[in-house]
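Work through these exercises with the sequence and the model side by side. Try each task before you read its solution.

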Amino acid sequence: MNIRQLEAFRAVMIARSTTGAAELLDVSQPAVSRLIVQLEASLELTLFDRSSGRLAPTPEALLLHEEVERTFVSVDKIRELAREIKSAEAGSLNLASFPLMALGFLPKAIRAFNESHPRTRISLNVQMSPKVEEWAAAQQIDLGFAEYPIEPGKFERTGIEVEEFARFSYLLAVPFGHRLAGRAVVGPRDLEGERFISQTRNTVGRILMDRLFDKEGVQRELVLDTQVVAGVATFVSYGLGVGFIDPFTALDFADGRIAPVRFEPSVEMRIGMLHPTHRPMSRIARDFAGLLRQRRRETLAEVELMLDGGAV
């Protein structure tokens, strides 16, 4: 028994003839008759009485028809879902990201994406960059976001394609009303003796910052550290010190709680968008990646405007 035989049976029950069924299925009448004979043989049932020269459904056929109709409700749903997936209206999207992107930028992008793709199921897993890279290599996610390692060219693992999603300079975040708020640019020596909030020692940003201040011979008062940049911004907003944040986080806190300031010499952060090499990117994933690129451009432009003293 196969679905084509059941389609022929259903069509005959609806049209009450093999000729009518052939028109419904857009096949020849002999093809319909052959499928019905095959179905009867596979089920070992007589489904139609042919003694009068016409096909008359047997009681067994009437019982079978009820179940076939229920089955085709599910088949029709599958076909509808396939059409929706093809048009990127449904389906699923599995994401993984390090906290910087996952706590502000991605949720906002997902909200915007949901407006045009309300039936897409989205899963966002928050992991540190090495784990995101591991999941992408294992083909467990559609898209991942991770911080590049310090050394260029080291972000290489079999099974991953990496697109440089964003490259930007860290900003210094100071509490509203701080002596450095409103400065066009701040340098290392401006932070001599400042209470400082850092990322934890296992992060690329922390390693780069410590290296810079050691080179400049500047002593900071390291009072707090936290694994996520949003935590740095939150502590700064409480007036507990100053710290470095990224433009995405700066925009999340663009409500007067902190004042972002340009810092020189520039310390760069690079974010990669990861995709499993051996897992073809779905249309939904491609559409979402396109939305992310657009929102990245808009976000970085808004931050530049904010730093130049414009309204966001």
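Buried means under 20% relative accessible area, exposed means over 50%, and partly exposed lies in between (1.4 Å probe, protein chains only). This is a predicted model, in which local features need pLDDT of at least 70, side-chain atom pairs count only at pLDDT 80 or more, and totals for chains, interfaces and linings use all residues. Residues are numbered from 1 along each chain as its sequence is written, and side-chain values use heavy atoms, with hydrogens and water left out.

**Exercise 1. A cis bond**

Task: Which residue does a cis peptide bond join to Glu-264?

Solution: 
- The partner is Pro-265, and omega is about 5°.
- Pro-265 is in the loop between strand E12 (258–263) and strand E13 (268–276).

**Exercise 2. The two faces of H6**

Task: Which residues of H6 are buried, and which exposed residues are on the face turned away from them?

Solution: 
- Check the helix itself. H6 (residues 105–116) has 12 residues and reaches 18 Å from its first C-alpha to its last. That is close to the expected 16 Å, where the expected span is 1.5 Å times one less than the number of residues.
- List the buried residues of H6: Phe-105, Leu-106, Ala-109, Ile-110 and Phe-113.
- They cover an arc of only 120° around the axis, so they are on the same side of H6. The arc is that of the directions from the helix axis to the C-beta atoms.
- Recall the geometry. An α-helix has 3.6 residues a turn, so residues three or four places apart point the same way.
- The face turned away from the buried side carries the exposed residues Arg-111 and Glu-115.
- Now look beyond H6. Gln-294 and Ala-109 are 185 residues apart in sequence, but 9.8 Å apart in space, C-alpha to C-alpha.
- Gln-294 belongs to helix H11 (residues 283–307). Gln-294 is partly exposed, with a relative accessible area of 38%.

**Exercise 3. Contacts of a serine**

Task: Is Ser-129 buried or exposed, and which residues is Ser-129 in contact with, leaving aside its neighbours within four places in sequence?

Solution: 
- Ser-129 is found in helix H7.
- With a relative accessible area of 14%, Ser-129 is buried.
- Contact means heavy atoms within 4.5 Å. With neighbours within four places in sequence left aside, Ser-129 is in contact with Phe-98, Ala-146 and Glu-147.

Note on methods:
Helices (H or I, at least four residues) and strands (E, at least two) are DSSP runs, numbered from the N terminus.
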